[in-house]
Amino acid sequence: MKRTFALITLTVSSVAQVAYAQLREPDIRVIGAGASSGGAQDSIGSGVGKRAKPAILNADPSMAKDDLVRSFMVDYARCIYDLDRRTVDKMLDQVPGTEGYAKAAQRAAVNQCLATGDMRFQQSSLQGAVFLYKYRLGFGRAVPTLREAPFDYAALAASAPADWKGRYLAYRRFGECVVRRDPVAARALVLGPIGSGAEAGAFQTLAPSFSACIDAGVNANFTKERLSGVVAETLYRLSAPGEAK
């Protein structure tokens, strides 16, 4: 059966906050630099003794195009995180869309982690993909205990411009609401293979929470990529501290 769950549009009429959905993040561009002349993927080093395979965009005809791109993003996130976790974690504590994030991403999003080609993607796409990978890496087997207290996103966003800060906090309030309402389905969404029936089922299970958790006055389009990324970030940040660093 063909899955058609490609886009969720959650709309609440408002003039004041509609701009959140229209803010345009600068693209991150990476140029393939990790493939050998024979076409195989070489393992690359970071200069500190760590190695990782570059990501490659697969051409699986059974998968939808957006799922192929999402799968690539998680593989790319795997490469940059395995190479230099400290630099990537510094990027994750910046607000996408801001100058601080752009500078951090320049250091973290290395060309060597793309096997071939030329890719452009939004900053939030990379942010979400890294959190998806980090949650799977740290909590893929044992179910962590969620913190009772909310994560202090406002502290991370304190110095961000008002528009980017407002959007950042709105999306993360949304993510925390979704996770608190149904942590089991949220975990299933993050752990389900991209494009699989398990992932599609988790999206459908969470649909009522997506609708209930949107901030009043926010007009936003949520792709599967953004939904899974925000949920993954929330799950990771609310998980018991010290277990997945």
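The second largest cavity in this predicted model is lined by Glu25, Val95, Pro96, Ser124, Trp164, Arg167, Tyr168, Tyr171, Arg172 and Arg226. Here a cavity is a set of points, on a 1 Å grid over the protein atoms alone, where a 1.4 Å probe fits but cannot get out, and lining residues have an atom within 4 Å of a point. About 50 Å³ of space lies inside the second largest cavity, a volume being the space filled by probe spheres set on grid points that are joined across faces, edges and corners. Helix 6 (residues 162–181) supplies the largest share of this lining, with five residues; helices are DSSP runs of H or I with at least four residues, numbered from the N terminus. The lining divides into five nonpolar, one polar and four charged residues, where Ala, Val, Leu, Ile, Met, Phe, Trp, Tyr, Cys and Pro count as nonpolar, Asp, Glu, Lys and Arg as charged, and the others, Gly among them, as polar.

Residues are numbered from 1 along each chain as its sequence is written. Local features need pLDDT of at least 70 and side-chain atom pairs count only at pLDDT 80 or more, whereas totals for chains, interfaces and linings use all residues; side-chain values use heavy atoms, with hydrogens and water left out.

In total, three cavities of 30 Å³ or more are found. The largest cavity holds about 110 Å³ of space. Its lining is made of 15 residues, and Val74, Ala129, Leu132, Glu225 and Ser228 lie nearest the centre. Two or more lining residues come from each of helix 1 (65–83), helix 4 (123–139), helix 7 (183–191) and helix 9 (224–238). Of the elements, helix 4 gives the most, with five residues. By class, the lining of the largest cavity has seven nonpolar, four polar and four charged residues.

Turning to helix packing, the axes of helix 7 and helix 9 come within 9 Å and cross at roughly 115°. Axes are lines fitted to C-alpha atoms over the stretch in contact, and angles run from 0 to 180 degrees between N-to-C directions. The crossing of these two helices is left-handed, a term used if the near helix is turned anticlockwise from the far one by less than a right angle. Ala186, Arg187, Leu189 and Val190 of helix 7 are in contact with Ser228, Val231, Ala232 and Leu235 of helix 9, contact meaning heavy atoms within 4.5 Å. Six of these residues are nonpolar, one is polar and one is charged.

Helix 7 also packs on helix 8 (residues 197–213), with axes that come within 8 Å and cross at roughly 150°. This crossing, too, is left-handed. Ala185, Ala186, Ala188 and Leu189 in helix 7 meet Glu199, Ala202, Phe203, Thr205 and Leu206 in helix 8.

How do helix 4 and helix 2 (residues 85–92) meet, and at what angle do they cross? Their axes come within 10 Å and cross at roughly 125°. The two helices are therefore oblique to each other, the class left for angles that are not under 35 degrees (roughly parallel), over 145 (roughly antiparallel) or 65 to 115 (roughly perpendicular). On the helix 2 side, Arg85, Val88, Asp89, Met91 and Leu92 make the contact, and they meet Leu126, Gln127, Val130, Phe131, Lys134 and Leu137 in helix 4.

How values were computed:
1 Å grid on protein atoms, 1.4 Å probe; cavity = no way out; pocket = protein on both sides within 12 Å on 5 of 7 lines; lining within 4 Å.
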